[in-house]
Amino acid sequence: MLARVANNLFWMGRYIERSEHIARYLNVNYFSSLDAPNDLSQSRQFVLRSMLFVADEEELKDLKEFDEQKVLFDIGLNPEKQFSILNSISNAQQNANSARDLISSELYESINTLKRAVISFDKDKFLKNGLFEFTKMITTNVPSLRTKIRGTLLHDEVYAIIMLGIYIERANQVIRIVNSKYNDALVGKVNSDISVETSYEWTTLLKCVESYDMMRRYYRKAPTSTTALDFLILNPYCPRSIMKSLHNIHYYIGYLCKDDIPHKDSAAFFIGKLKYEHQYKTIEDVQGDLKGFIEKLVEDLSLIGEKMDKDYFSRF
Amino acid sequence: MKAPINLPIFSSYEFDSRFYDEIFTENNQVREVYETLFNLFSEYSVNDFSNLNEKAKDAFFNQGITFQVYGDQETKEKIFPFDLFPRIIGNKEWTKIEKGALQRSKALNAFLWDLYHDQKIIKDGIVPIELINSSVNFLKEMKGFNPPGGIYNHVSGTDLIKHSDGDYYVLEDNIRCPSGVSYVVGNRAALKRTLFGVFNHYQSYNVSDYGQNLLEIIESVKPKGVDLPKCVVLTPGVYNSAYYEHSFLAKQMGVELVEGRDLFIENDFVYMKTIRGLERIDVIYRRVDDLFIDPLAFKKDSLLGVPGLFKSYKKGKVCLVNAPGTGVADDKAIYTYMPQIIKYYLNEEPILNNVHTYHCSRPDELKYVLENIDKLVIKPVDESGGYGISIGNKLTKAEIEKVKITIKEDPRKYIAQPIMSLSTHATYIEEENSFEPRHVDLRTFTLLGKDKDFVLKGGLTRVALKRGNLVVNSSQGGGSKDTWILKK
């Protein structure tokens, strides 16, 4: 596979995954807040701030007051904002276009059709009463794209590169969402003296990554900070957990690196090390310094991307 | 003349009896091959066609069979207009076209070999040396070089029209990088999605075997000593208007689609940059024009090519498809010699007609052209895509004078032909919500390899969507139709 095209496929996977997480975060936070159990969680400013934090933290720097229509438009459909869902889907389509000889017609057509639906989505309708419809369209279609990836491509290097993009992005988005909700829970503690351990934000967090029902089934209790974080970070069976993503990243890098003992500077070595480090972590280790853990993981995921670039995409 | 059909969708169908209408006979009868289709169409209302037309457009957009139009403010994605009414060509009629297209391709290949070797045809006084010497497309670097398998024009596109006499005429040969074959396949897919019911009633040839045949052709011209050749398609990139076709062909053949920046030359071998290192390439189906394939050999500022590629080709390390330098033979001035070229190399009578052509480089013919511009089509010899064409009877007096000055400035650059009466075909006109007659042509696709040839049993019927317009090129606002070749 061409190195340039591999890079395109990797980013196609990342943008596809990113759009789903942002869309669901928008949907869950907005609609959960409408009847949230406390005033803070119902507050528009609180919710809008949280949305921008996940979409692009940089946007928060100079803003104190948030305009609801502007924030929703920026994150959903603003072509001028790199972090918008519209741009994520467009970027996924452009990357697919550069590699369309390698992917199936069915996958390409599905991405193309979704992109057309997104760019033609009525902006006025989106702001008036279309937020649910729009975000639902994304969260329904992205899993269908993953099904096309799984069901129509050869499970070879092409597939592995796309899956690496998907799982690296998934880990990245989940940890950013955890970070956002952790911050929201801390704000609740400071402003309204709501317990961090039993904050409503953990329920929202689990719903944002489609893990609420399974978490309830696993623990048979309402979520707390400990159970929610344990489930989303360390549980090897939860399909959205960091641990599961690291396991998958390790599995798919094996398609590309055939060395029994990869070189210590390689992406494969680093991924293996990261996976096993997390496999033997406890929730107590994580909660001891949650902020430090999150920052380190974000850095490490970024380093995986850099090492993959060096090993596979920009080696010439 | 009004069509004798009571269907509302044909209420404004009035054809001009000066032209050959593909659907109706001079006696106002539906031609035999179209009768079944007409009966089937009678089941559709005007609204049905309008909806089907929208569905067809959606199918093209969703499949990404599009090209980008770059404006000052924004980039627009467009489709080449597709028409719902298929063109049907009977088996007997097709057999002649197929044989004729293959004959021309073979003759052109023999002509190119001769031009770049002994130039016997010039020495024998059949083709004048001036035409070759003055051609910007004659690559002196190719002189004496033997391309693998002896093939220059592996892929040829032959543009045909049906004149008012009901016979086919070749308008031009395209043997540089002829495009459009992806639309032949795309049009079939779109029509099957929208009007699937009509296919049960006709037995037409499938067109999806082109990719497999193209792969076999390009593999047949592998460099010496290579057992299993690694083939690629070379594209200028995603911003090229034919990018869809390039990716389509790569996918159909199951080979990589590469850009110049993906390739690398070492010790005269060509490699592509993969995630596992360098991988050797043996055959390149390049969709980049001659002058851009290698900045060391040709255009120095080209970013589309690969430095050293032409040297690698000359050393026999890689094969380029089509060979560089083929443009000299699809020059419109050479076109006029095609009957003689066919006879000279193949000792056969031309199967397909040539349109009579006046060379402005010949003083007596130049005189005739300048005096009769209103009756002629003036074409530059080295342009494609319908650019630079002047149709005499559409010009004002002032415009005719301007054309005269242009021709006189560089007579070698122009040829003239009588205004041919391109046949008309029922075409769905979106603005009118009805079928109207529009002028059409036909591009066929022929492949030549080492001991193998192939003519696609189908073609690209291009249609001029503006009433009375004779220029069918997509770059000039033309559309296209699915084209059925009947098995019986």
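**A colleague's note on a predicted two-chain model**

1. Residues are numbered from 1 along each chain as its sequence is written, while chains are lettered from A and ligands numbered from 1 in the order in which they are written.

2. Leaving aside neighbours within four places in sequence, A:Met51 is in contact with A:Tyr25, A:Leu26, A:Asn29, A:Val71 and A:Ile75. Contact means that the C-beta atoms of two residues, placed from the backbone, lie within 7 Å.

3. Next, look at α9 (residues 157-192) and α13 (residues 242-256) of chain A, which pack at an angle of about 155° with axes 9 Å apart. Helices (H or I, at least four residues) and strands (E, at least two) are DSSP runs, numbered from the N terminus. Axes are lines fitted to C-alpha atoms, for helices over the stretch in contact, and angles run from 0 to 180 degrees between N-to-C directions. The two helices are therefore roughly antiparallel (over 145 degrees; under 35 is roughly parallel, 65 to 115 roughly perpendicular and the rest oblique). Among the residues that meet are A:Leu164 and A:Tyr167 in α9(A), and A:Ile249 and A:Tyr252 in α13(A). By class, this contact has 15 nonpolar, 2 polar and 2 charged residues. Ala, Val, Leu, Ile, Met, Phe, Trp, Tyr, Cys and Pro count as nonpolar, Asp, Glu, Lys and Arg as charged, and the others, Gly among them, as polar.

4. In chain B, α8 (residues 210-220) and α9(B) pack at about 80°, their axes 8 Å apart. They are therefore roughly perpendicular to each other. B:Tyr210, B:Gly211, B:Leu214 and B:Leu215 in α8(B) meet B:Leu249, B:Gln252 and B:Met253 in α9(B).

5. Where the chains touch, 16 residues come from chain B and 18 residues from chain A. On the chain B side, α2 (46-63), α9 (243-253), β7 (256-258) and β9 (269-274) each supply at least two residues. That side divides into 7 nonpolar, 5 polar and 4 charged residues.

6. Some backbone details deserve a look. A:Glu210, not a glycine, has a positive phi of about 55°; its place is the loop between α10 (201-208) and α11 (212-219) of chain A. A:Arg220 also has a positive phi, near 55°, and is found in the loop between α11 and α12 (225-234) of chain A. A:Arg220 is exposed, with 7 other C-beta atoms within 10 Å. In chain B, a cis peptide bond joins B:Val321 and B:Asn322, with omega about -15°.

Key: This is a predicted model: local features need pLDDT of at least 70, side-chain atom pairs count only at pLDDT 80 or more; totals for chains, interfaces and linings use all residues. A residue is buried if 20 or more other C-beta atoms lie within 10 Å of its own, exposed if 12 or fewer, and partly exposed in between; C-beta atoms are placed from the backbone.
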